[in-house]
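Subject: Structure handover

Hello,

Here is the structure for you to look over. My notes follow below it.

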Amino acid sequence: MFLNSIQLQHYRNYEQLELRTDSQVNLFVGPNAQGKTNLLEAIFVLALTKSHRTSKDKELIGWQSQDARIRGEVDKRYGTVTLDLTLSGQGKKAKINGLEQRKLSDFVGSLNVVMFAPEDLEIVKGTPGIRRRFLDMEIGQVQPGYLHSLGQYSKVLVQRNNYLKTATPGSVNQAMLDIWNMQLAEYGVKIIKKRENFIHKLQRWAQQIHAGITGGTEELTIVYRPSFETEDAKDESVLFDRFMIKLTQVKDQELRRGVTLVGPHRDDIAFFINGKEAQVYGSQGQQRTAALSLKLAEIELIHEEIGEYPLLLLDDVLSELDQNRQTQLIETFQNKVQTFVTTTGLESVNIAKLHDSRIYQVRDGQVVR
Ligand SMILES: Nc1ncnc2c1ncn2[C@@H]1O[C@H](COP(=O)(O)OP(=O)(O)OP(=O)(O)O)[C@@H](O)[C@H]1O
C-alpha cells in the first residue's frame with residue numbers, strides 16, 4: 001500500500017499540515033524536538049487508532065485545542081481510500097471514505113504499518129507487558145476480530161478482579177465466579193489461539209531474516225509462553241477445559257491476592273539466539289539485531305496475511321545500525337515497501353542506496369519538501 005498524502009490538524013505540535021508523500025522513501029530531517037517523531041506517530045495512529053508511545057490520547061491533541069484530526073489518502077490493491085480519525089476528550093471517531101465506522105476495530109487494518117524505533121529493543125529485553133502490547137498491536141492489524149475479543153476479555157477481567165478484591169474464601173459466590181470464569185476462558189482461548197498462530201508464522205520469517213543479517217552464524221527462535229499448558233491442545237474446546245481447570249487450581253491463591261492469575265493477560269514470549277535466551281544472555285548488539293529481524297519479519301507476515309506490504313516507519317534508527325544491518329534493512333524495503341524515515345542528520349544514512357527518495361526538512365511543526 002502507498003500513502004499519497006497526510007493531513008494533520010491540531011496534532012501535537014502540528015497546527016495544520018498538508019503533505020504529499022508520493023515518494024517510495026520519505027526522509028524527514030531536522031534537529032531534536034521539531035516534530036519528526038510526531039509525524040510518524042500520526043501515521044501510526046491513523047493505522048492503529050493508538051499511539052506507539054503513549055496510551056493517553058489527550059497527549060496527542062495540540063495543547064491549545066479540543067480535538068486533533070488526521071487524514072490520509074491510501075492507495076490499496078483494490079483502489080484508493082480516504083481515512084479520517086478524530087481524537088477528542090469524548091473519544092475517537094473514524095471514517096473510511098467519509099463513512100463513520102461504528103466500531104474502531106472495523107477501521108483498524110485499513111492502513112497497515114510497521115514502526116521500528118529505538119525503544120523496540122525493549123520488545124526483546126523489556127517486561128512481558130511490552131511484549132504483550134507488541135503482540136496485540138500487530139495481530140490486531142491483520143486479524144479481524146482479535147481486538148474485539150481482547151476488549152471483551154479485558155472487560156471480564158476488570159469485573160473479575162474487582163470481585164476478587166472484595167471476596168474471601170469463606171464468602172465467595174461460586175455461581176458468579178463460574179460465570180466470569182466461563183467468559184474469561186471463552187475470550188481468552190480465542191486470544192491464545194491467535195497469538196500462537198501469529199508467533200508460529202512470525203518465527204518462520206524472523207529466523208530466515210536473522211540468519212541473513214548474521215551471515216548464518218545465529219539462529220533466532222521465538223517461543224510462546226502462555227500462563228498455562230497449551231501445547232498439543234487439538235482444538236479450542238480442549239484449551240477451554242484446561243483454562244477452566246487451571247482457574248479452579250489457583251482459586252484460593254487468587255482470592256488471597258485479589259487478582260486473576262491465569263490467562264492471556266499474563267502471557268509472555270521469549271527470544272532465543274543459538275538456544276540461549278536473548279533477554280538474559282544476549283549482548284546489546286544481538287538484542288538489537290533480534291528486534292530488527294522481528295520488525296522485518298512483520299513486514300513479510302503482513303504481506304502474507306493481507307496480500308500487500310505495509311508502510312515502514314523508521315524513527316531515528318538508521319544511525320544506530322551498522323552499515324551491514326542498514327544495507328540489509330534498505331534492501332528489504334527497497335522498491336516494495338513505502339518507507340518514512342526520521343533522522344537528525346543525513347550523514348549517517350546511506351542515501352546512495354535509496355531509489356526514489358525525497359528529503360523533507362522539519363522545523364517547529366512545519367514540513368518543507
Ligand atoms: N500535545 C502537544 N501539543 C503541542 N506540542 C506538543 C505536544 N506534544 C509534544 N509536543 C511538542 O512536540 C515536540 C517534540 O516533537 P517530536 O517528538 O516529534 O521530536 P523530534 O523532531 O522527533 O525530535 P527527536 O529528534 O529529539 O526525537 C516538542 O517540542 C514538544 O513540546
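**Domains**

The chain splits into domain 1 (1–102 + 308–369) and domain 2 (113–307). These bounds come from an automatic or database domain assignment. Please keep in mind that this is a predicted model: local features need pLDDT of at least 70, side-chain atom pairs count only at pLDDT 80 or more, and totals for chains, interfaces and linings use all residues. Residues are numbered from 1 along each chain as its sequence is written.

The centres of domain 1 and domain 2, taken over C-alpha atoms, are 28 Å apart. Domain 1 puts 23 residues into the contact and domain 2 puts in 18 residues. Two residues are in contact if their C-beta atoms, placed from the backbone, lie within 7 Å. On the side of domain 1 that touches domain 2, α1, β12 (311–315) and α11 (323–333) each supply at least two residues. Helices (H or I, at least four residues) and strands (E, at least two) are DSSP runs, numbered from the N terminus. That side of domain 1 divides into 14 nonpolar, 3 polar and 6 charged residues. The classes work like this: Ala, Val, Leu, Ile, Met, Phe, Trp, Tyr, Cys and Pro are nonpolar, Asp, Glu, Lys and Arg are charged, and the others, Gly among them, are polar.

**Ligand shell**

The ligand is surrounded by 17 residues, and the closest are Asn-13, Asn-32, Lys-36, Thr-37 and Asn-38. A residue counts as near if its C-beta atom, placed from the backbone, lies within 6 Å of the molecule. Helix α1 (residues 36–48) gives the largest share of the shell, 3 residues. By class, the shell has 3 nonpolar, 10 polar and 4 charged residues.

**Core**

The largest nonpolar core holds 91 residues. Such a core is a set of buried Ala, Val, Leu, Ile, Met, Phe, Trp, Tyr and Cys residues joined through C-beta atoms within 7 Å. Ala-42, Ile-43, Phe-44, Leu-46, Val-113 and Leu-313 have the most contacts inside this core. Helix α6 gives the most to this core, with 11 residues. The core draws at least three residues from each of domain 1 and domain 2. Not counting residues up to four places away in sequence, Ala-42 touches Ile-6, Leu-8, Tyr-11 and Ile-70.

**Helices**

Two helices were checked for length. The expected span is 1.5 Å times one less than the number of residues. Helix α5 (residues 146–166) has 21 residues, so it should span 30 Å; its end C-alpha atoms are 31 Å apart, which agrees. The 40 residues of α6 should span 58 Å, and the end C-alpha atoms of α6 are 54 Å apart, which also agrees. Just after α6, Gly-215 takes a positive phi of about 60 degrees.

The buried residues of α5 are Tyr-146, Leu-147, Ser-149, Leu-150, Tyr-153, Val-156, Leu-157, Arg-160 and Leu-164. Buried means 20 or more other C-beta atoms within 10 Å of the residue's own, exposed means 12 or fewer, and partly exposed lies in between; C-beta atoms are placed from the backbone. The cover over the buried residues of α5 includes α2 (104–107), α4 (128–142), α6 (174–213) and α8 (251–257).

**Single residues**

Most residues other than glycine have a negative phi. Two exceptions are worth a look. Asn-97 has a positive phi, near 50 degrees. Asn-97 sits in the loop between β6 (91–96) and β7 (99–100). It is exposed, because 11 other C-beta atoms lie within 10 Å. Asp-316 has a positive phi of about 60 degrees, and its place is the loop between β12 and α11. With 18 other C-beta atoms within 10 Å, Asp-316 is partly exposed.

Phe-333 belongs to helix α11. It counts as buried, because it has 21 C-beta neighbours inside 10 Å. Leaving aside neighbours within four places in sequence, Phe-333 is in contact with Leu-312 and Thr-339. Phe-333 and Leu-312 are 21 residues apart in sequence and 7.9 Å apart in space, C-alpha to C-alpha.

Asn-4 lies in strand β1 (residues 2–11). With 14 C-beta neighbours inside 10 Å, Asn-4 is partly exposed. Its contacts beyond four places in sequence are Arg-20, Thr-21, Asp-22, Glu-73 and Asp-75.

Best wishes
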